[in-house]
Amino acid sequence: MNAPFTAAAPDPHLDGVLKLAIMAVGGQGGGVLTNWLESIARANGYAVQATSVAGVAQRTGATIYYLEMAPESGRAPVFALLPAAGDVDVLVAAEMMEAGRAILRGFVTPDRTTLIASSHRALAVSEKIAPGHGIANAEEVMAAIESAARRHIVFDMERIAAESGTVISASLLGAIAGAGVLPFTRDAFEAAIRASGRGEKASLAAFAKAYDIAAAGGEGAHADRRAHDVAPPVSAVSPAGPARLLAEWRELATRAASLPEPARDMALAGLRKVVDFQDVAYGRAYLDRLDAVKARDDAARGWLLTREAAKYIANAMAYDDVIRVADLKTRPDRIRRIAREMQADEEKVLHLTEFFHPRAEELVGLLPARIGAAVASRPGWMRWIDRHFGKGRRLRSDRLWPFLQLYLVGGLRRWRRATLRYREEEAHLQNWLAAALAHLPTDYDLAVETLRARRLIKGYSDTHARGVSKYDRVMAGITRLAGRPDAADWARRLREAAMRDEKGDALDGMLATIRSFL
């Protein structure tokens, strides 16, 4: 636990100069926070200089704001323009990975630096574009913080800001004030917020909450972060709808709950996903497939095959098509969430633009199966469709007509089973499942890895096409490996190589290696 700490005055060894760096990403209010701190220092008799170096990686980039301040002494102080490694008193990070970036750059030292960071995650572009699981490990960053900083205060300041109806700069300011790292009173910090005018009530509320946590030394903050990261149990969300459908849903939920314990939670999550995607009858088909896998599974293996099937059959059945995308974009809860995040109110008008870029394959997939297959078999027709409809669309869904277009497309879900795309996805699912179960009599682990290969297929349009291409190559490799005692391990390596890069160069290299010894 962090001991209480108060900095009544700047470190005398630094000739009275306090050095504070703020690591933020564009849109997080780092500039606002810097302006507040600058005005507080000047109002309390301090000379201060603030600079910023903006990046260009995402939004307006990862930015370093840097302040140096010292009591007015009658002579102009000489301040540095940028922070230097080992020469920062207070490091403020507006997001967990920004704290890690500061540590890597040497700004955080155990003999000097107080690190104040929000524990929430705002995923970087490199994390989002990774074909597999590209999210960096926040726990490793937390361990680095604990060893690198003289003192640290870490809790979810973004959540505090959102609950108060403001942005994270207000809760960051509260944490700085509560930590006592600057020689100014709480009233001085609050006065700066009031002087800024608009939104002061919400900002002061976030400031107060963060101040109290930081003043307590961050006690309980890490437990709060972990609790916030854990998703609520599936059973915590209650469905709503007509009584007949609710009765059918309860029957299916009871059936899923009767599955072996290792697969139960995943089956319930999968059931919710496929019913939300289509309807209750679709959920019944999902459980039928899952029961067929369970009947061939081995309890001595911990029902691993059934658990993996529960996940990947649901993903395969709830594929991303144009109908699904339009449906999700017009749901009331999404629109309310966006309005809340953008703090839309009577004074702020929300403009919402949806970006669509379906290929000819996605558009033809909406047609009835026989007609769609006839169109898809004619390359000239497909090129014509791509030329006239494949340039992408921007729809202002805050306007009536564009919203109605999306709503009508989303409403096509009731006819989805008659479409070409549905027929193709059903055939693909059956072939994949049959291929996995075919390995079961001789190689249980290879059957499991074959199920997991379905992870490569996701998204729609070009993303879906790339995933299917990688999946096909991995499945071809698995077929060649069947019968080897290490086949499952090589299948795992193939899948991981396929997720390593977008183009599939690592996968091609792995396949070449396999061909060399077969």
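This is a predicted model: local features need pLDDT of at least 70, side-chain atom pairs count only at pLDDT 80 or more; totals for chains, interfaces and linings use all residues.
## Helices α6 and α8

Two packed helices are described by the angle between their axes and the distance between the axes. Let's begin with helix α6, residues 168–179, and helix α8, residues 200–215. Their axes come within 7 Å and cross at roughly 35°, and the crossing is right-handed.

On the α6 side, the contact is formed by Ala170, Ser171, Leu173, Gly174, Ala175, Ala177, Gly178 and Ala179. They meet Ser203, Ala206, Phe207, Ala210, Tyr211, Ala214 and Ala215 of α8. Sorted by class, this contact holds 11 nonpolar and four polar residues, with no charged ones.

Next, have a look at the loop that joins α12 (280–294) to α13 (304–317), where you will find Trp303. Trp303 is not a glycine, yet its phi is positive, at about 55°.

How do the axes of α13 and α20 cross? Helix α20 covers residues 420–438, and its axis and that of α13 come within 10 Å, crossing at roughly 165°. The two helices are therefore roughly antiparallel, since angles over 145 degrees are counted that way. The crossing is right-handed. From α13, the contact takes in Leu305, Tyr312, Ile313, Ala316 and Met317, while α20 brings Glu425, Leu429, Trp432, Leu433 and Leu437. Nine of these residues are nonpolar and one is charged, with no polar residues.

## Helices α14 and α19

Helix α14 spans residues 322–329 and helix α19 spans residues 400–410. Here the axes come within 7 Å and cross at roughly 130°, so the pair is oblique. This crossing is left-handed.

Val322, Ile323, Ala326 and Asp327 make the contact from α14, and Leu406, Val409 and Gly410 make it from α19. By class, the contact has five nonpolar residues, one polar and one charged.

## The cavity

How many cavities of 30 Å³ or more does a search of the whole structure find? The search finds one. The space in the largest cavity is about 30 Å³.

Which residues line the largest cavity? They are Asp321, Val322, Glu361, Glu362, Gly365, Leu366 and Arg421. Val322 also belongs to the α14 side of the contact with α19.

Notes
Residues are numbered from 1 along each chain as its sequence is written. Side-chain values use heavy atoms; hydrogens and water are left out. On a 1 Å grid over the protein atoms alone, a cavity is a set of points where a 1.4 Å probe fits but cannot get out, and a pocket is an open set with protein on both sides within 12 Å along at least five of seven lines; lining residues have an atom within 4 Å of a point. Grid points are joined across faces, edges and corners, and a volume is the space filled by probe spheres set on the points. Axes are lines fitted to C-alpha atoms, for helices over the stretch in contact, and angles run from 0 to 180 degrees between N-to-C directions. Helices (H or I, at least four residues) and strands (E, at least two) are DSSP runs, numbered from the N terminus. Angles under 35 degrees count as roughly parallel, over 145 as roughly antiparallel, 65 to 115 as roughly perpendicular and the rest as oblique. A crossing is left-handed if the near helix is turned anticlockwise from the far one by less than a right angle, and right-handed if clockwise. Contact means heavy atoms within 4.5 Å. Ala, Val, Leu, Ile, Met, Phe, Trp, Tyr, Cys and Pro count as nonpolar, Asp, Glu, Lys and Arg as charged, and the others, Gly among them, as polar.
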